[in-house]
Amino acid sequence: MADYLANAGSYPVLPRMKPGDLIEALPRCGPEHGEPMSAILEDFRKQIVPAATHWNHPGFMAYFAISASGPGILGEMLTAALNMNGMLWKTSPAVVELEQVALDWLRSWIGLPEGLFGIIFDTASTSSMHAIAAAREMIAPEVRTEGGGSGLVIYTSEQSHSSIEKGAIAIGIGQKNVRKIPVDVEYRMRPDALAAAIERDRAAGLRPFCIVATVGTTSTTSIDPVEQIVPIAERYGLWLHVDAAYAGIAAVAPELRHILRGCEHADSFVTNPHKWLFTPVDISVLYTRRADLLRRAFSLVPEYLRTAEDPRATNFMDYGVPLGHRFRALKLWFVLRYYGREGLAQIIRSQIGWAQELAGQIDAHPDFERTAPTPFSTVCFRYRGTDEENRQILERVNASGEIFLSHTVLRGRYSLRLAIGNMQTTRDHVQRAWELVQAAFREPVAARSSVLE
Ligand code: PLP
């Protein structure tokens, strides 16, 4: 692990293989008798690592670049060694109580109000699905027993993550009842359009029940005006969920607290330490001030899981679909303690600074343009040419093995997307990515040799 992490940057960031290559290279059946660990590790090095996309590579700037920090990895190892299932307080007080402590530290670091209930799920998709189910419990409690719930409508922006629509699909709201509210020029949900859509649905006899705002949308990291959405949720008595999966963490820096303005009034809020808090995948945190409704939506206790009631004990199985509850809080606690709030803020600040510098360079270049504002460390931009030319630039840069960028489509135009979030990424890596992009619009970038060749 130490060797790998020290050399993550020397692999091609994207593996040079085609679908099926690894399956082909591995035996069809597992071994009848056990094999020596040395042989297993050898195959790990020779077959698995070369098939890996190296998220820990400093040149990984696609999607939301994330990395596992040393303390986080150590926490994950100890979690595996302890191998506890914290479904009930009794099945491991350490799992349950450390989660409460670590989530409360994080809550106060990002400036959310005291008294919120926090719970860890695997991903933001799962967290948001639970929030949407709690929202339904508030407006249509009969659905838990009766099923159905026809006429329920949920509102989110056309830039929100697909997990919101999927969450609605999963709990039976129906895709046609997910309203995608238009955005303004900076890709933020338009409150006027939101209120109008709710009015229209009420007039049609439908039942609006939930609004999902986003702080840090996936394509451009835009920030919905939560402060203006709160009064709309209040006026119509709707649940307000905030998806801050990526960007919420940035509020550990006091000068960025403003990004969560209004979120103190939200009914629920999700942020992912596995995105921008250097904690290994997977860990997503859901906060809610309506734990009673989350519990009412999901609590179902069979006889074999009954424990002597002690009102001070939290049983996480009561607050969601999963019964089992992994000890994810340990790795988070390691990260929070090792770096401290200010240490984490410093890393995030530097990454935002490099993105701002790049944004300025793009603005100053006659052949490139930015396609969205850059509030965090993700830069959306394009070559002032055709979509096909931009596609080629992306392909050429990614073929270098040095840098991995992704893309999005904004107002119908293909955009390149560079996201900085990896601990090993430095200003030089960002500048190198920019060099490669500029070179690629003229000619193919030469693929770099790697330690594997
Ligand atoms: N919400 C936002 C804003 C995201 O950007 C993403 C993923 O990038 C998600 C939700 C989904 O995250 P997860 O993979 O944790 O479900």
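Predicted model: local features only at pLDDT ≥ 70, side-chain atom pairs only at ≥ 80, totals over all residues.
User: Which residues come nearest to the ligand?

Analyst: There are 13 residues around the ligand, and A124, S125, T218, D243 and N272 come nearest.

User: Why is the pair E137 and R296 called a salt bridge?

Analyst: The closest N and O atoms of E137 and R296 are 3.0 Å apart. The cut-off is 4 Å between a side-chain nitrogen of Lys or Arg and a carboxyl oxygen of Asp or Glu, so this pair of Glu and Arg meets it. Side chains of opposite charge can pair when their charged atoms come close.

User: Are E137 and R296 buried or exposed, or in between?

Analyst: E137 has a relative accessible area of 6%. Buried means under 20%, so E137 is buried. R296 has 43%, which lies between 20% and 50%, so R296 is called partly exposed.

User: How do you know that D267 and R289 form a salt bridge, and where do they lie?

Analyst: Their closest N and O atoms are 3.4 Å apart, and the limit is 4 Å, so the pair counts. D267 is in the loop between β5 (239-243) and β6 (268-271), while R289 is in the loop between β7 (284-288) and α12. The two residues are 22 residues apart. With a relative accessible area of 8%, D267 is buried, whereas R289 is partly exposed at 44%.

User: What makes E357 and R427 a link between distant parts of the chain?

Analyst: E357 sits in helix α13 (residues 329-364) and R427 in helix α15 (residues 427-440), 70 residues apart. The closest N and O atoms of this salt bridge are 2.7 Å apart. E357 is partly exposed at 28%, and R427 is partly exposed at 36%.

User: How many salt bridges are there, and which residues form a network?

Analyst: The structure holds 31 salt bridges. E76, D282, R326, R328 and K331 are linked in a network of them.

User: Why is C210 not counted in a disulfide?

Analyst: The nearest cysteine sulfur belongs to C263 and is 14 Å away. A search of the whole structure finds 0 disulfides. C210 is buried, with 0% relative accessibility, and C380 is buried as well, with 1%.

User: What makes P19 exposed, and where is it?

Analyst: P19 is in the loop between α1 (2-7) and α2 (21-25). Its relative accessible area is 84%; exposed means over 50%, so P19 qualifies. From C-alpha to C-alpha, P19 and D184 are 40 Å apart in space, and 165 residues apart in sequence.

User: Why is E402 called buried, and what does its side chain contact?

Analyst: E402 has 16% relative accessibility, which is under 20%, so it counts as buried. E402 lies in the loop between α14 (387-399) and β10 (406-410). Its side chain makes a polar contact with the side chain of R432 at 2.8 Å.

User: How do you know whether the chain agrees with a compact globule?

Analyst: For 453 residues, a compact globule would have a radius of gyration near 22 Å, and the chain has 23 Å, so the two agree. The C-alpha trace spans about 60 × 60 × 45 Å along its principal axes. The chain has 15 helices and 11 strands, and 53% of its 453 residues count as buried.

Terms used. Residues numbered from 1 in each chain as written. Heavy atoms only, no water. Buried < 20%, exposed > 50% of the residue type's maximum accessible area, 1.4 Å probe, protein only. Helix = DSSP H or I, 4+ residues; strand = E, 2+ residues; numbered from the N terminus. Disulfide = S-S within 2.5 Å. Near = heavy atom within 4 Å. Rg over C-alpha atoms; globule rule 2.2 N^0.38 Å. Polar contact = N/O pair within 3.5 Å; in protein donor to acceptor, adjacent residues only side chain to side chain.
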